[in-house]
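Please brief me on this chain.

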Amino acid sequence: MEQEQFGLTQEHLMVVEAAKGMAKKLGPKMDLFNKMIFEEQRFPEEIWKEMGNAGILGAMIPEEYGGTGVGLLAMALALETLSMEGVSASLFAVLTTMDTMAILKGGSEEQKQAWLPKIASGDIKMAFAITEPDAGTNSFRMKTFAKRDGDVYRLNGQKAWITGFDVADHAIIVARTMTLEELKRQGLPKSYGMGLFIVDTKAKGITMNEMNTMGIEGFKQFQLYFDDVEVPVDNRVGEEHMGAMVLFHALNPERILAAAICVGMSEFALRKAVAYALERKVWSDAPIGAYQGVQHPLAHVKAMQEAVRLLTYKAAWAFDKGLPPAETGGYSNMAKLLASELAVDAVDRAIQTHGGNGFVTDYQLIRMWAPARLLKTAPINNEMAMNFIAEHVLGLPKSY
Ligand SMILES: Cc1cc2nc3c(=O)[nH]c(=O)nc-3n(C[C@H](O)[C@H](O)[C@H](O)COP(=O)(O)OP(=O)(O)OC[C@H]3O[C@@H](n4cnc5c(N)ncnc54)[C@H](O)[C@@H]3O)c2cc1C
């Protein structure tokens, strides 16, 4: 049997071209958009709609639900390209993909028909809320509780750091449907007794508090408080108490897309650094790019970038090919770990190349610092990525 080869198809290359076309179209407005995004923390609707039009938001969604169904590698390529071209949007697209994957893998036929076409077209935005003040890395400790009351669930509790809740139409809220104490009593695993609920962000009983955070371009983060929020049973995604199983489907795509964005960011920073290094003269007629002290850090970023890019594509390819989740998980955690380090390194070295101009916001580099740095901590911190590699790839014992 012929061995499958790792590589890009014509379809993948067309997706890259579509993303480049989108970036070119938006190019003349990017200064204005960047002002909105980075100075006013507002997200330009036009970018989101264009991502819908270019088929990027629907990449994971089959055609029968209004998507393009081109898959994760294609979506990763598109987000990498947008980041590389300096079009911000991508990080919120990763969060929306969490919703997409949950509905796609765990949702009922009605839910798929109701939500997926609108996500694909960019007509709606969906937030994803799992983190709580005392349950971030260890989400099993979450306390937000959804109590079944006939045809509805009543949601009570609190979330934190939830991105874009103010501009999202709906959000998937992850909640416990059984307490940890109850699970212990019944001898059930802590992954049981969880639920994913599609909630209207304007529903009665939800209070939002804006947080003073940075990191996701143009989107704010919120603390959320739920006071007896009524959620129809039909809005539960997946079987009763089985939300964690649905959630697991979204984790590898989340990590792979985050990695792809990092690779794109590294290229954006590198291009800026090289252009500046070729132009800036400090000691003689030779530009600073002639000094090895300036060249080598950039050359190192380029070499790392090539390696990380391949790993990221391989992780996405493994997902698209349906390799066992633990194997794909190995690649996706490795990619996310290295890609986030690459992005921070690339932005840091580009800032250094620019001297004082690295801190002038017009050069866009200092603005990239928070998004790049965020990706070492979220959506999963790099220590947990290494824990996954240690346990699932190397077979070492779990230590926590
Ligand atoms: C800008 C921004 C946007 C966000 N958007 C969203 C969103 O939209 N939706 C959402 O649900 N969440 C969101 N988050 C939350 C984010 O996913 C969490 O902050 C992240 O998962 C870490 O959780 P925590 O802050 O509770 O860290 P903690 O769990 O308190 O961990 C702190 C640190 O301890 C270390 N650590 C923890 N456990 C281990 C271990 N077992 N081994 C080794 N080291 C360990 C890690 O270094 C970790 O960074 C966002 C966060 C930020 C900053």
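The points below are grouped by topic.

This is a predicted model: local features need pLDDT of at least 70, side-chain atom pairs count only at pLDDT 80 or more, and totals for chains, interfaces and linings use all residues. Residues are numbered from 1 along each chain as its sequence is written.

**Domains**
- The domain assignment, automatic or from a database, gives domain 1 (10–125), domain 2 (128–241) and domain 3 (245–393).
- The C-alpha centres of domain 2 and domain 3 are 31 Å apart.
- Nine residues of domain 2 are in contact with eight of domain 3 (C-beta atoms, placed from the backbone, within 7 Å).

- Of the 24 residues around the ligand (C-beta atom, placed from the backbone, within 6 Å), G136, T137, T163, G215 and E383 come nearest.
- Elements giving two or more residues to this shell are β1 (126–129), β3 (152–163), α11 (365–377) and α12 (382–393); they are DSSP runs, helices (H or I) of at least four residues and strands (E) of at least two, numbered from the N terminus.
- Domain 2 and domain 3 each supply at least three residues of the shell.

**Helix pair**
- The axes of α8 (residues 243–279) and α9 (residues 292–320) come within 9 Å and cross at roughly 155°; axes are lines fitted to C-alpha atoms over the stretch in contact, with angles from 0 to 180 degrees between N-to-C directions.
- α8 is therefore roughly antiparallel to α9 (over 145 degrees).
- Residues making the contact include I256, V263 and L270 of α8 and L298, V301 and F319 of α9.

Note on methods
Parallel < 35°, antiparallel > 145°, perpendicular 65-115°, else oblique. Contact = placed C-beta atoms within 7 Å.
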